[in-house]
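I opened this model to look up a few local features. My entries are below, in the order I made them.

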Amino acid sequence: MNPPAIILRSVSKSYPGAEVVQAVREVDLEVASGEMVAIVGKSGSGKSTLLNLIGTLDRADRGQVILHGKDVQRVSDLARFRREEIGFVFQLHCLLPHLTLLDNVALPLQGQSGAIALARTALERVGLAHRAKHTPVKVSGGERQRAAIARAIVNKPRILLADEPTGNVDSDNEALLLTLFDELRAQLGMTIVVVTHEPTVAARADRVVYFKDGRIERIEARPSEREEIEAGHEA
Ligand SMILES: Nc1ncnc2c1ncn2[C@@H]1O[C@H](COP(=O)(O)OP(=O)(O)OP(=O)(O)O)[C@@H](O)[C@H]1O
Ligand SMILES: [Mg+2]
């Protein structure tokens, strides 16, 4: 068996300030390679903070974050590690306004040879090849979100972290993204952690983590009875 893609061991994170906010409290979680996990919970419960800790964008106060067997505290070049191993779709899409979608998507490749071709392939994957030369303000919100996803996967990272990727997209876009997630797992073995408010997105995950006040309240496993759920919807 491969080691788990993600291991969190008693991970905590607080934000300092006049009133200290304990955003994540002693969270333990393992995500298997190729698994899709959804994190759901109320606004302010710490979901984005947790995702940032997994994505090494933020550092835990206590505990360990281990990605594919590597304790991120011990990684010497964290920026490079992140670039190679992790794709991140932010809650706000964070595209650069003055660059075309194509150039935005190519950014993580840092000018490596063939970057533009790879960026074009990623845009095709999210159905945006025809908008490659547009800047973010010239496309719709759903298209911006899809471009942000193209940017996150352009490197074919082993771990994809997505914070409300379907936050402001319609049901067609949502279906497209869910299909894309399935393809990324099937074709590239990607591990996906997605924060979502959408039951349809959560229903697609292998497990749903219910987050409350910085802790895991409970985890619901959804073994491959997806057909059963879908059949239930049709009934
Ligand atoms: N940079 C920060 N400084 C101080 N407090 C913060 C910061 N970022 C988040 N918080 C606080 O930490 C807690 C967890 O925030 P977080 O963004 O992780 O929640 P969330 O579950 O992602 O919420 P939402 O669903 O609204 O995106 C909240 O109480 C929030 O106000
Ligand atoms: Mg959030």
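Entry 1, the model. I note at the outset that I am reading a predicted model.

Is Asn-2 buried or exposed? I counted 10 C-beta neighbours inside 10 Å, so Asn-2 goes down as exposed, the cut-off for that class being 12 or fewer. I then checked Asn-2 against Ala-32: the pair is separated by 30 residues in sequence, and their C-alpha atoms lie 8.3 Å apart.

I found 13 residues around ligand 1, and the closest are Tyr-15, Ser-43, Lys-47, Ser-48 and Thr-49. Which elements supply at least two residues each to this shell? I listed β2 (21-31) and α1 (47-54). The largest contribution is from α1, with 3 residues. I sorted the shell around ligand 1 by class and got 9 polar, 3 nonpolar and 1 charged residues.

I looked up the buried residues of α4 (residues 115-125) and found Ala-119, Ala-122 and Leu-123. Why do I put them on the same side of α4? They span an arc of only 100 degrees around the axis, so they share one side of α4. In an α-helix there are 3.6 residues a turn, so residues three or four places apart point the same way. I traced the packing of the buried α4 residues to α3 (101-106) and α5 (141-153). After α4 comes Gly-127, and I recorded a positive phi for Gly-127, near 70 degrees.

Technical notes. Residues are numbered from 1 along each chain as its sequence is written. Chains are lettered from A and ligands numbered from 1 in the order in which they are written. This is a predicted model: local features need pLDDT of at least 70, side-chain atom pairs count only at pLDDT 80 or more; totals for chains, interfaces and linings use all residues. A residue is buried if 20 or more other C-beta atoms lie within 10 Å of its own, exposed if 12 or fewer, and partly exposed in between; C-beta atoms are placed from the backbone. A residue is near a molecule or strand if its C-beta atom, placed from the backbone, lies within 6 Å of it. Helices (H or I, at least four residues) and strands (E, at least two) are DSSP runs, numbered from the N terminus. Ala, Val, Leu, Ile, Met, Phe, Trp, Tyr, Cys and Pro count as nonpolar, Asp, Glu, Lys and Arg as charged, and the others, Gly among them, as polar. The arc is that of the directions from the helix axis to the C-beta atoms. Two residues are in contact if their C-beta atoms, placed from the backbone, lie within 7 Å.
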